[in-house]
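Welcome! Please take a look at the sequence and the 3D structure below, and then read on for a guided tour.

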Amino acid sequence: DDEEEADDGEVALENAYYNAKGLREDDLKEAADSFEQVIVQEREELSSKGNEKTYGQWSYKAMKQLVKLHLRSGNASEMMKHYNRLLECIAEGDVSPNAVEKGINGMLERVSSLYQGAGR
C-alpha cells in the first residue's frame, strides 16, 4: 500500500532525526554527519514520491540543528555555510511559514544571547 510506504518513510526520517539529535551531547562530528544523512534520506524519499521539492520539514530541522551545532562549537564559517543552506532550504523546500519564522527567530535569539554573554 502506497500510503503505508509513505508513512514508513516518514517514520524512518523522524527516527533518524531524533537519533541524530540524541548524539549532540556526546559527539558533535557524529551528530553533524547524522543530520547530513537525514537531509540525504529525505531528498531520496521526496524524489521516490515524484515530489519536485528538494527539501522537506526534516531537512529543515536537520539544517537548523547543524547551524546550532557549529554555533555552539564556535565555528563561524561552518555555521554560516549551514545557515546559507538553511535559507536555500526555506526558499526551495516544503516548510511552513510559521516553522520558518519560529526557527529563524529562535536562532537570532541564540546568536544574540551568545554575543551578549561574550561582551560581559
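Let us begin with rings. Rings of Phe, Tyr and Trp (for Trp, its six-membered ring) form a pair if their centres lie within 6.5 Å; planes under 30 degrees apart count as stacked, over 60 as edge-to-face and the rest as tilted. By this rule, four aromatic pairs are counted here.

A word on the model before we go further. It is predicted, so to speak of local features requires pLDDT of at least 70 and side-chain atom pairs count only at pLDDT 80 or more, while totals for chains, interfaces and linings use all residues. Residues are numbered from 1 along each chain as its sequence is written, and side-chain values use heavy atoms, with hydrogens and water left out.

**Aromatic pairs**

A pair of aromatic rings is described by the distance of the centres and the angle of the planes. Y17 and F35 make a tilted pair, with 5.8 Å from centre to centre and 55° between the planes. Where do Y17 and F35 lie? Y17 is in helix α1 (residues 2-22) and F35 in helix α2 (residues 28-48), so this pair ties together parts that are 18 residues apart in sequence. Helices, by the way, are DSSP runs (H or I, at least four residues), and they are numbered from the N terminus.

Y17 also pairs with W58: the ring centres are 5.4 Å apart and the planes stand at 50°, so this pair is tilted. Here distant parts of the chain are linked, since Y17 belongs to helix α1 and W58 to helix α3 (residues 57-73), 41 residues apart. Ring pairs join Y17, Y18, F35 and W58 into a cluster.

Are Y17 and W58 buried or exposed? Buried means under 20% relative accessible area, exposed means over 50%, and partly exposed is in between (1.4 Å probe, protein chains only). Y17 has 4% relative accessibility, so Y17 counts as buried. W58 is buried too, at 4% relative accessibility. F35 is buried as well.

**Salt bridges**

Side chains of opposite charge can pair when their charged atoms come close. In a salt bridge, a side-chain nitrogen of Lys or Arg is within 4 Å of a carboxyl oxygen of Asp or Glu. How many salt bridges does a search of the whole structure find? The search finds five, including the ones in this table.

| Salt bridge | N to O distance |
|---|---|
| E36 and R85 | 2.7 Å |
| E45 and K49 | 3.8 Å |
| K81 and E78 | 3.4 Å |

E36 is partly exposed, at 26% relative accessibility. K81 and E78, in contrast, both lie in helix α4, three residues apart, which is about one turn of the helix. K81 is partly exposed with a relative accessible area of 42%, and E78 is partly exposed at 24%. In the remaining table row, E45 counts as buried at 18% relative accessibility, whereas K49 is partly exposed at 47%.

**The nonpolar core**

A nonpolar core is a set of buried Ala, Val, Leu, Ile, Met, Phe, Trp, Tyr and Cys residues joined through side-chain atoms within 4.5 Å. Which residues touch the most other members of the largest nonpolar core? Of its 25 residues, they are F35 and V38. The elements that give two or more residues to this core are α1, α2, α3, α4 and α5, and α3 has the largest share, with eight residues.

**The largest pocket**

Rolling a probe the size of a water molecule over the atoms shows where empty space is left. On a 1 Å grid over the protein atoms alone, a pocket is an open set of points where a 1.4 Å probe fits, with protein on both sides within 12 Å along at least five of seven lines; lining residues have an atom within 4 Å of a point. The largest pocket has a volume of about 220 Å³, where grid points are joined across faces, edges and corners and the volume is the space filled by probe spheres set on the points. It is lined by 13 residues, of which Y60, K64, A99, K102 and G103 are the closest to its centre. Helices α3 and α5 (97-118) each supply at least two residues of this lining, and α5 gives the most, with six.
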